[in-house]
Amino acid sequence: MHIRIAIAIAVAAAAAGCATEAPQPVADDTPERPTAVFETVLSSTGLAGAFPFEATEKRYVRANMKRDDHAMRGTGRFSGFLVTQLTGPGATTIARLDRKLVWTVNHAKKEYLECPVQGCPKSAAKEPARPEERREEPRQKAEEGCVMRIAGSKFDVKPSGEKRAVNGFNTDQYQGAWVLRLQDNAKRTTTSTVKFDVWTTQVSAQMRQAMDTEAAYGRALAASASRPAAGKAAERAQVMPAQMVSMMSAYLANLSPADRAAFGRAFRELDKIKGHPISTRFEWLLDGNACGAAEEQAAPQSGGMLSGLTGMFGSKKDDAGPKPLLSFTVEVKQLGVLPVRDSTFSVPASYKLVKLP
């Protein structure tokens with residue numbers, strides 16, 4: 001019995017010794033300086049439910065340095081695993097114009113790649129591609145050789161008069177819809193409907209300062225890398241996410257070239273929305289059978305990641321009516337100037353520098 005007690009005491013003492021010997025985190029006492037901070041969260045259901053994801057982008061910017069943090073996670077049953085395999089836990093790029101260097105940081109491996117500010121040689125290892133860049137966008141399953149044209153278009157957007165605070169910003173609501181009627185040579189039609197709900201804010205002095213700081217960095221980068229200089233800082237972000245525009249355009253690939261161009265120009269109607277978007281939600285619904293492939297009408301509902309598509313366009317439906325084929329939500333979490341420590345623009349001392357392949 002005494003032996004067991006002695007052993008227990010020895011084990012406890014050893015554990016206590018290990019605990020006291022554990023390295024203590026080093027306090028970050030680097031100076032804090034005014035820094036432009038931008039943080040945006042984007043989420044999507046994916047086209048027809050394929051590859052739903054959530055992405056967080058955060059940028060810290062000074063006149064001669066910038067840090068970009070990007071993290072993405074899949075939000076679906078399969079996309080959670082796939083996104084992790086494609087992108088890892090996240091990626092960071094730190095550009096230091098004062099040192100004429102760019103660091104690409106791999107947090108999972110605790111290592112980093114160092115390149116000139118002009119960019120890494122083509123043989124250099126690249127950061128993992130994002131899933132929306134790696135995968136091919138789903139396309140409509142159409143009758144071979146069939147071409148659609150735009151038979152009618154109506155874009156309606158107006159302020160609702162509603163106001164609310166979103167992430168600390170005072171915002172005004174805009175609502176609207178874009179209804180597009182598509183028709184093929186056989187007079188079959190499809191109706192495309194984009195519904196949107198946008199909350200915008202007036203650009204404050206702090207927001208403008210942050211945007212001007214990023215513009216100044218862009219000009220300094222252009223000078224360092226011998227590129228054309230950027231113009232004046234934009235005070236309003238693109239209202240509709242570029243990823244949504246790309247996915248819609250790819251899916252409607254069998255529009256005629258002229259109608260594809262008209263399709264793209266229609267997005268300019270969103271310029272009627274005033275202010276800087278803070279929270280936006282877009283939903284895209286399609287209903288009809290223009291250019292529908294005959295075999296799609298009896299397509300099996302098993303096998304393949306996109307087997308949930310009903311017909312060529314078919315939006316999913318339930319008892320409450322049609323569900324969006326695609327939806328995007330974007331929220332600005334931060335946009336302003338904040339005190340940020342200098343260490344934000346450095347690679348952790350414990351990370352290993354890897355050589356170019």
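**Two residues in a predicted model**

User: Which strand holds serine 279 in this model?
Analyst: Keep in mind that we're looking at a predicted model. Serine 279 falls inside the run of residues 276-288, and that run is strand β10.

User: Okay, and is serine 279 buried or exposed?
Analyst: Buried means under 20% relative accessible area. Serine 279 comes in at 7% relative accessibility, so it counts as buried.

User: Let's switch to glutamate 214. Which side chain does its side chain make a polar contact with?
Analyst: Glutamate 214 sits in helix α4, residues 205-224. Leaving aside neighbours within four places in sequence, it is in contact with Phe38, Arg59, Val61 and Lys66. The polar contact, at 2.7 Å, goes from the glutamate 214 side chain to the side chain of arginine 59.

User: Zooming out, what share of the protein's contacts with a separation of 6 or more comes from residues 24 or more positions apart?
Analyst: For background, the secondary structure comes to six helices and 14 strands. Among contacts with a separation of 6 or more, the share from residues 24 or more positions apart is 70%.

User: And how much of the accessible surface belongs to carbon and sulfur atoms?
Analyst: Buried residues make up 41% of the 357 residues. The accessible surface comes to about 19,800 Å², and the part belonging to carbon and sulfur atoms is 54%.

Terms used. Residues are numbered from 1 along each chain as its sequence is written. This is a predicted model: local features need pLDDT of at least 70, side-chain atom pairs count only at pLDDT 80 or more; totals for chains, interfaces and linings use all residues. Side-chain values use heavy atoms; hydrogens and water are left out. Helices (H or I, at least four residues) and strands (E, at least two) are DSSP runs, numbered from the N terminus. A polar contact is a pair of N or O atoms within 3.5 Å; within protein, one must be able to donate a hydrogen and the other to accept it, and residues adjacent in sequence count only if both atoms are side-chain atoms. Contact means heavy atoms within 4.5 Å. Buried means under 20% relative accessible area, exposed over 50%, partly exposed in between (1.4 Å probe, protein chains only). Accessible areas come from the Shrake-Rupley method with a 1.4 Å probe; for residues, only the protein chains shown count as cover.
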